[in-house]
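Have the sequence and the structure open side by side while reading. The paragraphs below go from overall confidence to chain layout, and then to single strands and residues.

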There are 2 protein chains.
Amino acid sequence: MDCEMVEGGKSVKVKGFRFSAVEAAVKKPGRLDLALILSEVPAAVAAVFTTNRVKAAPVLLSMQHAAGGVARALVVNSGNANACTGAQGMADAAETARLVAEGCGIPEGMVLVASTGVIGKQLPMERIRAAIPPLVNAAASRSMEEVARAIMTTDTFPKLETRQGEAGGKSYSIAGVAKGSGMIMPNMATMLSFLVTDAAVDPAFLDKAFRRAVDSSFNIITVDGDTSTNDMASIMASGMAGNAPIREGSPEAADFESLLSGILLSLAKQIVLDGEGATKLVGIHVRGAVNEADAKRAAMAVANSSLVKTAFFGQDANWGRILAAVGYSGAEIDQDRACLSFDDVLMVRDGIFVGGDAEARGTEILKKREFSVTIDLQLGSGNAVVFTSDLSHDYVTINADYRT
Amino acid sequence: MDCEMVEGGKSVKVKGFRFSAVEAAVKKPGRLDLALILSEVPAAVAAVFTTNRVKAAPVLLSMQHAAGGVARALVVNSGNANACTGAQGMADAAETARLVAEGCGIPEGMVLVASTGVIGKQLPMERIRAAIPPLVNAAASRSMEEVARAIMTTDTFPKLETRQGEAGGKSYSIAGVAKGSGMIMPNMATMLSFLVTDAAVDPAFLDKAFRRAVDSSFNIITVDGDTSTNDMASIMASGMAGNAPIREGSPEAADFESLLSGILLSLAKQIVLDGEGATKLVGIHVRGAVNEADAKRAAMAVANSSLVKTAFFGQDANWGRILAAVGYSGAEIDQDRACLSFDDVLMVRDGIFVGGDAEARGTEILKKREFSVTIDLQLGSGNAVVFTSDLSHDYVTINADYRT
């Protein structure tokens, strides 16, 4: 049974993968909270994990299991992060992998485990133990869209994206799901994202391409500046499209990486747009920094500034807060040279407000659901972009009451 | 005419200083927005300024004027930051200093200028020009408490503090005012603070002592992680108490520095408690870090985490978010050794929840207006404390609508 997804009304198949999702009652009743992605064959796997030094048990386990470069399955629960749970948490993550491996008749070391939800509570293992047989038995009965639903926490919509490509005359597909939507900050976030492809891909290239694509997607978004204990993104490549393995440096590799980047950037933007309480998706573009690192530093400071984000929510063209954030970012800035625009409306030229009707025109831009801020430092050739949301009342409401 | 302040019902005089405040209509009518502190004699001055690379015109001017180590006056407006205002802004700051100098008959280079308010708008100089003669004429007619009122922006109460000491048999006083209350982050914040003392203090010691006191007060608070373009703190010492100048290394120096630190820490805590929308003052104590820098890094990450701060607002004992913030702070942490307490209620021992009634008891602590969080990393002897506020609906309301 292949994966079927709808992309612009078009069904997309990813050969060799089966999907399952059940209600294990980790979350409130009536919601899918345990999902399985099963590869019919040993799949090449690449994965990246949170940079937080406090890592959840499933992250520590999956880091080991992904290191071999081959995986057969990924099991994920929402509603409980299994983080800060000590030895018991590690035992629970390992038991989850073992039960799935036994049920599917595959090696335990080829099962990745992921979790998302509240930190600090032990997993309700009796319920997860009971849910794994139906989860395994239902493999192939669910779609990847249901996996996207099962991993939601405060997300308001499931996030999925697909692309199709061709390598050596063989068509292949890539499909991915993701969840946000708080504790979103690069390197990585409370962000889970799982991709599958039926392309045959050289494992070394898959790893490199996946890391590069994550760097230019999930690692350039921020919702609240918090980096989670549980982040994980992975891709499994079944090879069942029948192409010769795609290797670094080939035209097929460039195509594959471009498609992969497109999926991840789309998922990343979906995460920001569905950020907790978010009403806007704002691209922060920094140009003309002394170098790329400075540009990223400046863009990230703007993207994480509570004052900037509340101004976005208030649709206030308060460009002064934006330049102030660049100023404390650590990036080089000559305050008499910086220019700033909202979309194509120039607000600041050489450090000062341009006057005229710019205030009114800038305010109109900020009323849009999506817009860009461009800061040109006029110092060098360093460019960067970061995507962020606004900071709204609902963010406070959601996070003040998250555990209740 | 000396400064008179009430401290616990006790009037405090600081000899040699006069105060004035008027309505210059920079802010809405009916609010003091232009203030003057005038020293009757050349006063030793020490000052610290924002580390933001985008610096307001008055900051750039006062950096020059304070460099001489002697000042006679400080003029400050609220309602307009005179930041990101280019050459015109510099000219306006200089003209303000010149007009005050002429009015008071003192050298222009001995006038410090400070501003706070909206970034990016030119000062309404015609109104400031008109207001300076009455400001100068009224010198001595106002109290330091009225200076505290005149520098308020979104502050809800004036912040002032006094101490009295003795040096060489002579009594002296120190008095200070401050304003917050958004863009509050160490090194420095949108924070203005002006102190006066009638003690005679060796300028070199005054500078060192003031910087150390700022480091352990204004530089360990955060409201929203944003560092402003306009921060400035200064102290003027008139010497009119008649003591022999206090020099580094003497018992009098230790006393003076202790009193100075006490005033600044009190003002710093007042700023946090009056942080935009704040309902709580929380001390984040990190102990047992591998070194002091790591401890500060960890404490600051916790203090700036939107997720932690919204949990404080929600009175949710969500310790997992706190350990997650330590984890991404860059500080060394062994997640199986960290301990965490709310006041004296131990929540986490060696990385895991202690269970029992800790949840209920921790929640009771979070209902308090002031409490502490202590994280013991059990790795070394590095300690640090940072004071922060919670993140509430009112923060969003205030900052979404700030300029309207």
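In chain A, where is confidence lowest, and where is it highest? The model is a predicted one, and in chain A the lowest mean pLDDT, 40, belongs to strand 1 (residues 3-7), while helix 2 (residues 86-104) has the highest, 97. Over chain A as a whole the average pLDDT is 88, and 91% of the residues score at least 70. Residues 1-11 of chain A stay under 50, and the model gives them 27 contacts beyond four places in sequence. A further stretch of chain A with pLDDT below 50 is residues 183-189, which has 38 contacts in the model beyond near neighbours in sequence. For the model, ipTM is 0.73 and pTM is 0.80.

Next comes the layout of chain A. Chain A holds 11 helices and 17 strands. Its radius of gyration is 22 Å, close to the 22 Å that the globule rule gives for 404 residues, so chain A is as compact as a globular protein of that length. The C-alpha trace of chain A spans about 70 × 55 × 40 Å along its principal axes. Chain A is divided into domain 1 (3-273) and domain 2 (281-400), and the C-alpha centres of these two domains lie 33 Å apart. Of the 404 residues of chain A, 61% count as buried. Among contacts in chain A between residues at least 6 apart in sequence, 78% join residues at least 24 apart.

Ser39(A) is part of strand 4 (residues 34-49) of chain A. Is Ser39(A) buried or exposed? Ser39(A) is buried, because 26 other C-beta atoms lie within 10 Å. Apart from neighbours within four places in sequence, the contacts of Ser39(A) are Gly16(A), Phe17(A), Ala71(A), Arg72(A), Ala73(A), Met236(A) and Ser238(A). The C-alpha atom of Ser39(A) is also separated by 9.8 Å from that of Asp198(A), 159 residues away along the chain.

In soluble globular proteins, nonpolar side chains tend to be buried together. Here the largest nonpolar core has 288 residues, and those with the most contacts inside it are Ala73(A), Val326(A), Leu36(B), Ala73(B) and Val326(B). Beyond its neighbours within four places in sequence, Leu36(B) touches Phe19(B), Ser20(B), Ala73(B), Val75(B), Val100(B), Leu135(B), Val136(B) and Ala139(B).

Now turn to the strands of chain B. Strand 4 (residues 34-49) and strand 5 of chain B pair in the antiparallel sense over seven bridges. Within this pairing, Leu34(B) has Asn77(B) of strand 5 as its bridge partner. Strand 5 (residues 70-80) of chain B is mostly covered, with 10 of its 11 residues buried.

Chain B also has an open sheet of seven strands, in the order 10-17-12-16-13-14-15, with mixed pairing. Strand 10 (221-222) and strand 15 (352-353) of chain B stand at the edges, and each has a single partner strand, so one side of each is left without a neighbour in the sheet. Strand 12 (residues 281-289) and strand 16 (residues 370-376) of chain B run parallel and are joined by seven bridges. Across this pair, Ile284(B) stands opposite Val373(B) of strand 16.

Key. Residues are numbered from 1 along each chain as its sequence is written. Chains are lettered from A and ligands numbered from 1 in the order in which they are written. This is a predicted model: local features need pLDDT of at least 70, side-chain atom pairs count only at pLDDT 80 or more; totals for chains, interfaces and linings use all residues. Two strands pair if DSSP finds at least two bridges between them. Helices (H or I, at least four residues) and strands (E, at least two) are DSSP runs, numbered from the N terminus. A nonpolar core is a set of buried Ala, Val, Leu, Ile, Met, Phe, Trp, Tyr and Cys residues joined through C-beta atoms within 7 Å. A residue is buried if 20 or more other C-beta atoms lie within 10 Å of its own, exposed if 12 or fewer, and partly exposed in between; C-beta atoms are placed from the backbone. Two residues are in contact if their C-beta atoms, placed from the backbone, lie within 7 Å. Domain bounds come from an automatic or database domain assignment. The radius of gyration is taken over C-alpha atoms; the globule rule is 2.2 Å times the number of residues to the power 0.38. pLDDT is the predictor's confidence in each residue, from 0 to 100.
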